[in-house]
Structure formats: C-alpha cells, structure tokens
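Here's a quick briefing to read alongside the structure. Take a look, then work through the topics below.

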Amino acid sequence: MTPENRAAYWRANLQLVFGCLVLWFVCSYGFGILLVDVLNSVRFGGFRLGFWFAQQGSIYIFVGVIFFYAWRMNKLDQKYGVRED
Amino acid sequence: MTLQTLTYLVVGASFALYIGIAVWSRAHSTSDFYIAGKGVSPLANGMATAADWMSAASFISMAGLIAFLGYDGSVYLMGWTGGYVLLALFLAPYLRKFGKFTVPEFIAERYYSKTARIVAVICLILISFTYVAGQMRGVGIVFSRFLEVDVTVGLTIGMGIVFVYAVLGGMKGITYTQVAQYCVLICAYTVPAIFIAIQITGNPIPQLAFGSEISGAGISLLDKLDDIVTSLGFTRYTDGTKSTTDIFCITLALMAGTAGLPHVIVRFFTVPKVRDARASAGYALLFIAILYTTAPAVGAMARYNLVNTIQSGEVGAADGNLVYDERPEWMHTWQRTGLLSFDDKNGDGRIQWYNDTNPDFAATAASYGWQGNELTVDNDIMVLANPEIAGLPNWVIALVAAGAIAAALSTAAGLLLVISAAVSHDLVKGIFLPDISEKKELMAGRIAAAFAIMVAGYLGFDPPGWVAQVVAFAFGLAAASLFPVILLGIFFKRTNKEGAIAGMLTGLFFTVGYIEYFKGLFLKWAGAPWGENVAEHWLFGISPEGIGVIGMLLNFFVAISVSYLTPPPPERVQHMVEQIRIPRAIEG
C-alpha cells in the first residue's frame, strides 16, 4: 500500500466519520435538546415529537448510525485492499 | 409456593448457571485472563458489552429517575447510548488494531512514557472504584428486600460468586457469564414491562404503549400524565426544569464519559478482527437499546400507576386520595425497607402526593386542606416494586430480583477485571517487575482481582453517603481524562507525551476540583463543599454532573497547545499511529 493510498483511505474514513457525527448530533442534540420546544408542537402518534426524539428516536438512530458506519467502512477496507483475512 | 421460596429458586438457579460457565471457560494464559484470547464473536461480545455496561443504575434506578424527572431524564437515555457512537467511530476499531491488553498500555506506548501510564492507571482506578461501589449497593438492596437476608450475608454471597468467576475465569469467564446475565436481565426487564403495557393500553410493546391511548379513556398516556401531574403542581411530564445548556452539557459529559470508561473500551479488545470491533459496537448498542427504549415507557407507566393509586379520585375532593389504612400490600412491604414513607401532615387519614415546593401551587393546595406532601418515595424502588404495583404473578417478581442481581454482578465483574489488569499488567509488569513470568503475572492478576473484590465489598457494606452522586464523578472523570487523550492519540499524530500528560492532569484536576467545590465527595475532611450547589453559582450555568464537558475541552486545548510547544513524538510512534489506522498490517 502506497503512502498516497493510505492517505486517501484515511481521508475517506474521516469523511464518513464526519457524516455519521452530523447525524448523531442532529437527532440527539438538535431534535432532542435544542429544538425540542419547536418539535413538541408537532404530534407523532400519542407523542410530542421533540420528546419522542429525546426518549426514543435518538436511540434508534444511534443504532442505525453504527451499523451504517460498520457497513461503509467494510466497503472501504475492500476498496483499498486493507481488509483483514 | 411462597414468593420467597420462588425467589430463592430463581436466583439460586441463575447463580448455578454463572458458576457452571466459569468452570467451563477457565483462563489458562494472560491473554485469556485479560482479553479472552481475542476469540469472542462480535455478537457474543455485543451481548457481554451490554451486560457489562448496564449496571444496577440502569436496571434499578434509571426508569425510576425518569418517572420523577420526565423530560429531564432524557439526559440518561441519550447520554448512555450516544456514547457508543463515539466509541464505534473514534476508539473501538483502532484500539482493537493496537491489539494489546489494557487502556493504560495504549497510553504508555502511544505516548512513550511511564508517567503517562501511571496517570492513566490513577484515572482508571478512581473511575472504576467509584463505579463499583454503586453496584455493590444495588446487590445489597435486592438481597435485603427479596431474599430477606441480612445485607451482610447477601453481599458476602454476591462477592463469593463474582470471586469464583472473575478470579478463575478472568475476561474469558466474565465474557460468557455476561452473555448469560444479559439474557436474564433483559427478560427480567421486558416481561413486567409488557404485562404493564397491556394492562394500561392494551398494546403489548412498551415502546408503542408509551405513545398509545389508555384503554377506554380516549386520551394518550403521556397527555393524561401531563394533565394529572400539572394538576398536582408538578412540571408537565414532557417538559423539563433544567436549562437547555445544562441538559446539553450533561448529555455530552455522559456520552464522552461512556466512550472513555475503561471497562467498556477493553471489551473491544476481545474480538478477533477490526471489523468485528465495529460490528460489535453496533450489536452492543442494539442490545442496550432494547432496555433503554423500554425504560422511559416503564418510567411513564410507573408514574401513572403510582399517581393513580394515591390520587384515587378527583384532585382536591375530600375523598379524592387514598385512605392510609387501605393502602395496598406492596406499600407495606416497601415501607419496611425505608425506601417508601408516609407522614399524614394534615391528619385526614389520607395520603396526599403533590409538589409542595411550587410557590404557584401553594394557595391551591391550601384550599384543598393539604398541609404538605405526605409521600416520600425513593427512585430505586420504581422498577423493583413495579410488578407488585401492577399485581403481576410471583414468578415475575422473582425474575426481576434475579435480573437486578445479574445487572449488578455483570458490571461489578467487568470493573474488577480492569482494576486487576491495571494493577498486574500496568503496574507490576509494566513498571515495577518488567521481567516477571507470564505465570506469575497471571497469579498477580488473580490476587489483584481478589483484593479489589474485598475493597468493593467493603464499599458495599459501608456505602459512603455519596454513592448516588458518584455516577457524575465517574463519568465526568472519564470524559475529562481518558477520552480526549485516547482520541488524540489516534486522530492527531502530533500529540506528544508532554501534551498528553498535561492534558490528562488538567482535565482530572479541573473536574475533580469543580465537583469537590460544589459536592465535596472525598474532601469533606478539608471543609468541602465550599460552594452552594445552585444554578446561580455554577460556571456558565453548568451543574457538576455536566462539568466533565468543560474538563474535556480543557484537556483537548492543553494537550494540543503543549504538543505544539514541545518536540514532536519520535518516528516509531508516528509509524505506530499509521499502523493502527489501517486494519491490515502494512509493510515497511
């Protein structure tokens, strides 16, 4: 593996991490905390939406983010030929 | 069969299972003892991590806390799950690639320094012991209530069980026991939740029942709850009383703290490959999420049940409240533990439960003839008493007891193992006796584990008054000391020895100092706390629970600045960082 390849792999990784962090931040700190009062005016079933994000939705999204990250990273590993045997 | 016999049977059977697993999975080498020989499948590791992580606090206390805090309780739900995203994205795969035994070992090699290692060991031991004290208290509560044995006897039994499988089996024994404990605790948590969800809403899935209509009432559970609690002078259930800044900081401190807890990080050392570490973090959070999305539903339903029991009729009506002499059986039982108490202040023979600290509600309460709140209820009993409140069969109650013990023991064992590894691997082998043989190191590890169990047991027998507050301490400390330097070690190659040590010490002293200033945990003898713990006095309006965030930022800032002012790390360390960033070994 050339140093350029290595740098490209790392850059791709950082981009993916950044994207995942944005999702992580928006669903918890955004919807569950900073915007909670705004979203609470929206009904979601028997819930106020902001409250639902704070006590349910953010957790589901966290699980999704990790599996998404693992899936994309495994693809990157293959693309750059660094997958462990 | 009586409840007590049944509880003995269920708890006894679970203990027999744990011991059986321990004998089957004995550790034969230091690698088995510290990291289960790197042979744990990602799914099994996910379950073990979930049991390791979900402590007595998660199982016993959290739903109760949420029941009384309402929206403010969200900090625990988001904080204690969102940390796994940080762990998966920033730490787990790289530390797995590093491929050694302990967290201080990573810090020692990455920062080429014994001093850094010692500082890391001190942080680790402070964090882990404060945490383990809370577990032992949980074991004590469960034994004294459900098995009706003396707390001392109960603790001794609990210590004995942990001793057998932690000392014999090391990480390998602990891992497979935790898998079994996860199954026990998740059943124990969800079964009563399902029963109660059906009783209240007719929907068997607690996560959905949480947002459903109450059977036959035509109003949703949360709306009804908002109505009743506001009519009793409390804040609306779906609103909070904490400031947005404080909620933000507490959540972030809990998340970063989660990602920096050594006993969680080390679980990702046990899987065979880097990609297993990534998947494993996902499985761990999935298994955790089953409990963490059930907990707020349990909290809301428990609050609803309790308030309905007490406020049996219209608010303010002379016959609207529960008659003391007609209180249900479970209240008698829990009164005996001292966790539930009544005081008939207005002498009407009925129980009033309302918010007597709300000045806007005082006049209304007075017009009802109420002279103060008459019910005191400890957060901790909400989950444990829930099956009794809902009138569920005895086997469910026995299961809950076994689940609570599983939650406490699995976490205690994980903590004890990282403490013993820090002593035998980082202090004995890493610093004092580098030439020690593997066999002797294994023996040192077992002795350290045995000793740590004694100390933990002592903390359980004689819990310092501040056990409930130390959670903030452990998380704040992990967020402010270990998390930043591990993260920088992987993502910022320029960080050097001087920066890391300065950063850890700054984070540590600032956070400990702030918590001591307002809460006075360890420095009572020196006159702490020095400041009154109210919002007006807090730095930027951040409570001691959330201050770890500032400690963490200071740590990052100091570590980076000092690194730039001092020489860069040596070539071989920079090469090591390159290596851990890539799953497969790179040549040259």
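Predicted model: local features only at pLDDT ≥ 70, side-chain atom pairs only at ≥ 80, totals over all residues.

At what angle do helix 7 and helix 21 of chain B pack, and how far apart are their axes? Helix 7 (residues 114-147) and helix 21 (residues 497-518) of chain B pack at about 25°, with axes 10 Å apart.

Residues are numbered from 1 along each chain as its sequence is written, while chains are lettered from A and ligands numbered from 1 in the order in which they are written.

**The helix pair in chain B**

- Helices here are DSSP runs (H or I, at least four residues), as are strands (E, at least two), numbered from the N terminus.
- The axes are lines fitted to C-alpha atoms over the stretch in contact, with angles from 0 to 180 degrees between N-to-C directions.
- Helix 7 and helix 21 of chain B are therefore roughly parallel (angles under 35 degrees).
- On the helix 7 side of chain B, Thr115(B), Ala116(B), Val119(B) and Cys123(B) do the meeting; their partners in helix 21 include Lys497(B), Met504(B) and Leu508(B). Contact means that C-beta atoms, placed from the backbone, lie within 7 Å.
- By class, this contact has 8 nonpolar, 1 polar and 1 charged residues. Nonpolar covers Ala, Val, Leu, Ile, Met, Phe, Trp, Tyr, Cys and Pro; charged covers Asp, Glu, Lys and Arg; the others, Gly among them, are polar.

**Where chains A and B touch**

- Chain A puts 37 residues into the contact, and chain B puts in 41 residues.
- On the chain A side, the elements giving two or more residues are helix 1 (3-34), strand 2 (47-48) and helix 3 (49-79).
- Helix 3 of chain A gives the most, with 16 residues.
- That side of chain A has 23 nonpolar, 9 polar and 5 charged residues.

**Two loop residues in chain B**

- Arg26(B) sits in the loop between helix 1 (3-24) and helix 2 (30-35) of chain B.
- Arg26(B) counts as partly exposed because it has 14 C-beta neighbours inside 10 Å (20 or more would be buried, 12 or fewer exposed).
- Leaving aside neighbours within four places in sequence, Arg26(B) is in contact with Leu168(B), Gly169(B) and Gly173(B).
- Tyr112(B) lies in the loop between helix 6 (103-110) and helix 7 of chain B.
- Although not a glycine, Tyr112(B) has a positive phi of about 35°.
- Tyr112(B) is partly exposed too, with 16 C-beta neighbours inside 10 Å.

How values were computed
Contact = placed C-beta atoms within 7 Å. Parallel < 35°, antiparallel > 145°, perpendicular 65-115°, else oblique.
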